[in-house]
Amino acid sequence: MALSDTCFDCLIVGGGFAGSVLAERLASQLGQRVLLIDRRSHIGGNAYDCLDGAGVLVHRYGPHIFHTNAQRVVDYLSQFTQWRPYEHRVLGAVDGQLVPIPINLTTLNRLYGLDLDEAGAAAFLAARATPLPAITSSRDVVVSQVGEELYEKFFAGYTRKQWGRDASQLDKSVTARVPTRTTADDRYFQDTFQCMPLHGYTQMFERMIDHPLITFWPSTEFAAVKGAVRYRHLVYCGPVDEYFGYCYGKLPYRSLRFEHQTLDQAQFQSVAVVNYPAPEVPFTRITEYKHLTGQQHPKTSITREFPTDTGDPYYPIPAPENAALYRRYEALAERTPGVTFTGRLGTYRYYNMDQVVAQSLALFSRIADKYTVGAVAARSGAPV
């Protein structure tokens, strides 16, 4: 069939969580014919995992750890995967030691050679916290909780490497995501559900879009199909500023460069992720994937992450001027008929994976009734 003869109820741009969940729901629940495209050569977006040359399962775009408090999200994804229990733990290389992150009771005792209990840790931090009249930046969040010294040890260098700017120039939401604890709980997350897809994210995505009404075209740019196929509605999960030709200027993102390495040993580090806050270390963290996947293999693979301003967009930079620029694009998007913008890039927000799934499920609920009648008419041969 020629492309010009193809008629879809929905064209979805972006095969990550946002696009794949919507494609599955529209096809399985409404019987809509969906064309899902992605400029990359695979499904899964940044959560894509695969076997490397040594046969070790790795996350090509950095570690993705699934955690949520939303049972609806768990129930939905469990249709497409079994789960492996996994609680994420992170260490930080600080003052020549590896100590738990987020800062907790063990962190303080190791760093300062103390023997504090929970009450002692609370008093220790309270004595060092810097009272501030208002909390407006990421730096304010940290120093108001733990003071200047711990801010410098754990956050200042890491934040500048990660975001390319000082924490005082970033919205308070950045460091608010990383709590400080006075207990010995060294889990990075405290969600009720913490698991990894048993056979990896890619298999989960492949099962999600394995439906006769879903057509997936990898290695496909939106510009190559928008005038070549017919569709009733467009769901755009790509960068909203790119869709509008950067008419107001580019929305700033931080990207990542990855250095993948396979080692001829079974284990490299004691946890999946070790952070390197020191500014003289050029990378931010090292990930060893076998901790995440539970894979048994005589070799191990690791990844060093180097934040950069160039490359694929990963993290919207949370600063006031960027939020103002996005609001202009948001207003333009709201005035654009026949297009729904969603996902991290479509809404210029940093979402966890479970939040993207929840967003897509909610979006499906909102658009289902609106397009049911139109979908029936399209499949009966009515003009699109």
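Just after helix α5, Gly164 adopts a positive phi of about 75 degrees. The structure is a predicted model, in which local features need pLDDT of at least 70 and side-chain atom pairs count only at pLDDT 80 or more, while totals for chains, interfaces and linings use all residues. Residues are numbered from 1 along each chain as its sequence is written, and side-chain values use heavy atoms, with hydrogens and water left out. Helices (H or I, at least four residues) and strands (E, at least two) are DSSP runs, numbered from the N terminus.

Helix α5 itself comprises residues 138–163 and spans only 12 Å between its end C-alpha atoms. A straight helix of 26 residues would span 38 Å at 1.5 Å a residue, where the expected span is 1.5 Å times one less than the number of residues. The helix bends by about 120 degrees at Gly147; the bend at a residue is the angle between axes fitted to the seven residues ending there and the seven starting there. Val146 is also placed in α5. Val146 is buried, because its relative accessible area is 2% (buried means under 20% relative accessible area, exposed over 50%, and partly exposed in between, with a 1.4 Å probe and protein chains only). Apart from residues up to four places away in sequence, Val146 touches Leu125, Arg128, Ala129, Tyr151 and Thr180, contact being defined as heavy atoms within 4.5 Å.

Thr293 belongs to helix α10, residues 290–293, and counts as buried because its relative accessibility is 17%. When residues up to four places away in sequence are not counted, Thr293 touches Leu57 and Arg84. Its side chain reaches the backbone nitrogen of Gln295 at 3.2 Å. A polar contact is a pair of N or O atoms within 3.5 Å; within protein, one must be able to donate a hydrogen and the other to accept it, and residues adjacent in sequence count only if both atoms are side-chain atoms.

A further polar contact, at 2.8 Å, joins the side chains of His42 and Tyr61. His42 is found in the loop between β2 (34–37) and β3 (49–51) and is buried, since its relative accessible area is 7%. Beyond four places in sequence, His42 touches Tyr48, Arg60, Tyr61, Phe216 and Pro218.

Helix packing was examined for α1 (residues 17–30) and α7 (residues 201–208), whose axes come within 9 Å and cross at roughly 30 degrees. Such axes are lines fitted to C-alpha atoms, for helices over the stretch in contact, and angles run from 0 to 180 degrees between N-to-C directions. Phe17, Ser20, Val21 and Glu24 of α1 meet Tyr201, Met204, Phe205 and Met208 of α7. By class, this contact has 6 nonpolar, 1 polar and 1 charged residues; Ala, Val, Leu, Ile, Met, Phe, Trp, Tyr, Cys and Pro count as nonpolar, Asp, Glu, Lys and Arg as charged, and the others, Gly among them, as polar. In general, an α-helix has 3.6 residues a turn, so residues three or four places apart point the same way. Gly31 lies in the loop between α1 and β2 and is partly exposed, with a relative accessible area of 22%. The C-alpha atoms of Gly31 and Pro212, 181 residues apart along the chain, are separated by 9.8 Å.

Backbone geometry is considered next. Most residues other than glycine have a negative phi, and most peptide bonds are trans. The peptide bond from Ile101 to Pro102 is cis, with omega near 5 degrees, and Pro102 is found in the loop between β8 (97–101) and α3 (105–112). Ser219, a residue other than glycine, has a positive phi near 50 degrees. Ser219 lies in the loop between β10 (214–217) and α8 (222–225) and is exposed, at a relative accessible area of 51%. Tyr348 likewise has a positive phi near 50 degrees, but is buried, at a relative accessible area of 8%; its place is the loop between α12 (343–347) and α13.

Helix α13, residues 353–379, contains Gln359. Gln359 is buried, with a relative accessible area of 18%. Leaving aside neighbours within four places in sequence, Gln359 is in contact with Thr342, Gly343, Thr347 and Tyr351.
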